[in-house]
Amino acid sequence: HRVVSFLPDGSDVQYYDLDMGEENTTNSWLGSIILGGGNVYAQRESYFEDYSDPENPIWENWQEVVCWGPNGAQLWSVNVSDILRNEETNEYYYISSMTVAEDGSLYVICTGDSTKILIFDQTGTQTDEKSIPANSNQYINNTFVKSDGSLLLIAYNNEWTKMYASTYDMKTGVQGEQVELLGSLPMYNIYQGTNTDFLLTDSQGVYTYNIGDTEITKLMDFVNSDLETSYLRNIAIIDDRQFVATYSDLVNWEPHVAVFTRVEPEDVPDKEVLVLGAYYLDSEVLKHVIDFNKTNTNYRITVKDYSSYNTMDDYMAGYTQLNNDIIAGKMPDILMANNNVPVANYIAKGLLADVG
């Protein structure tokens, strides 16, 4: 595991390997990795096995919360195994998310029959523990610290089909009302926003979303930006025109760290736009589309991926939207069909042109 740091202009690039300590690193792995206050935090799960004596095999595993400094040195680690599992009471928890407060405190969210919030100071000393009673919408998978110091908890329901947002006051221990989020939100990766509640990413681009909105707003489209990737990760806002993120390209899947800058629409050359409709666009096709856009001086292809209309309740919503677009006279100029698209019906109705 390696930390990369650089200035916003891309200069002064430095690499630091995380010091994993004396543990057998081949028998351990990291999860819930976050950055905060210049440090790196993660959950580390390790195990030890010894089968040299078949009659008395040894197998142990343990979980820790670990902190590294900006130079990769391990500052502290805390074994939280006893907190996460109590074999006497049959209570078991897993670390679902972590976040860092403005004062440098680390909040570790542990989800089980109820929810525990473990609080550690900058030295790794546990200073407090909060408990949120169990309810049907309490499978927390994202946690953010709001500007007022309270937590914003993002949770799934029991069926993992809907997402809810609620606040949690760290001083009073009171959880606010759980508000159901947009049905398509579970289909996105969720990050904390700056001027909005959330930043979202999927295979097509980056979006913003506020709790209570009936739709998301696209901030960046990979195809329109000529970016050969199908995802961005680890997004951090620099200002209202720039953000930094990591991605892998579509050619050889090499990892990149990049700063992206907004380009005003009036600064983009005018071209005739063709719409390519698809359902989960293949990465090879996406590469060809971007290559075409980079070289053609008269035309530009934009992509409408109908899978983005799907929700956890309706995985066919994209096909419904395609049919609605056709009825409304908004059929894509180019259509990539699959087995669920009634191509024969489209041909019979004269919706497809023979370009052979």
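Val4, Val13 and Tyr15 make a nonpolar surface patch of about 270 Å². Patches like this one are made of residues with over 30% relative accessible area and no salt bridge, with nonpolar side chains (Val, Leu, Ile, Met, Phe, Trp, Tyr) joined within 5 Å and like charges within 9 Å. Accessible areas come from the Shrake-Rupley method with a 1.4 Å probe, and for residues only the protein chains shown count as cover. Tyr15 sits in strand β2 (residues 14-17), and this residue counts as exposed because its relative accessibility is 52%. Here, buried means under 20% relative accessible area, exposed means over 50%, and partly exposed lies in between (1.4 Å probe, protein chains only).

A word on the model itself. It is predicted: local features need pLDDT of at least 70, side-chain atom pairs count only at pLDDT 80 or more, and totals for chains, interfaces and linings use all residues. Residues are numbered from 1 along each chain as its sequence is written, and side-chain values use heavy atoms, with hydrogens and water left out.

Now for the whole protein. There are four helices and 26 strands, where helices (H or I, at least four residues) and strands (E, at least two) are DSSP runs numbered from the N terminus. The C-alpha atoms fill a box of roughly 70 × 55 × 50 Å along the principal axes, and buried residues make up 40% of the 356 residues.

Next come the salt bridges, of which the structure holds 10. Each is a side-chain nitrogen of Lys or Arg within 4 Å of a carboxyl oxygen of Asp or Glu. Three of them are listed here.

| Salt bridge | N to O distance |
|---|---|
| Lys218 and Asp221 | 2.8 Å |
| Arg300 and Asp226 | 2.8 Å |
| Lys287 and Asp291 | 2.9 Å |

Lys218 is partly exposed at 40% relative accessibility, whereas Asp221 is buried at 9%. Arg300 lies in strand β25 (residues 299-305) and Asp226 in the loop between β20 and β21 (233-237), so this pair ties together parts that are 74 residues apart in sequence. Arg300 is buried, with a relative accessible area of 14%, while Asp226 is partly exposed at 24%. Lys287 and Asp291 are about one helical turn apart because they are separated by four residues in helix α2 (residues 283-295). Asp291 is partly exposed, at 26% relative accessibility.

Of its 27 lining residues, the closest to the centre are Leu219, Met220, Thr261, Arg262 and Val263. On a 1 Å grid over the protein atoms alone, a pocket is an open set of points with protein on both sides within 12 Å along at least five of seven lines, a cavity is a set where a 1.4 Å probe fits but cannot get out, and lining residues have an atom within 4 Å of a point. Strand β20 gives the most to this pocket's lining, with four residues. By class, the lining has 11 nonpolar, eight polar and eight charged residues.

Finally, there is one cavity of 30 Å³ or more, and about 40 Å³ of space lies in the largest cavity. Its lining includes Gly277, Tyr306 and Val341, and both β24 (272-278) and α3 (317-327) supply at least two residues.

Definitions and conventions. Ala, Val, Leu, Ile, Met, Phe, Trp, Tyr, Cys and Pro count as nonpolar, Asp, Glu, Lys and Arg as charged, and the others, Gly among them, as polar. Grid points are joined across faces, edges and corners, and a volume is the space filled by probe spheres set on the points.
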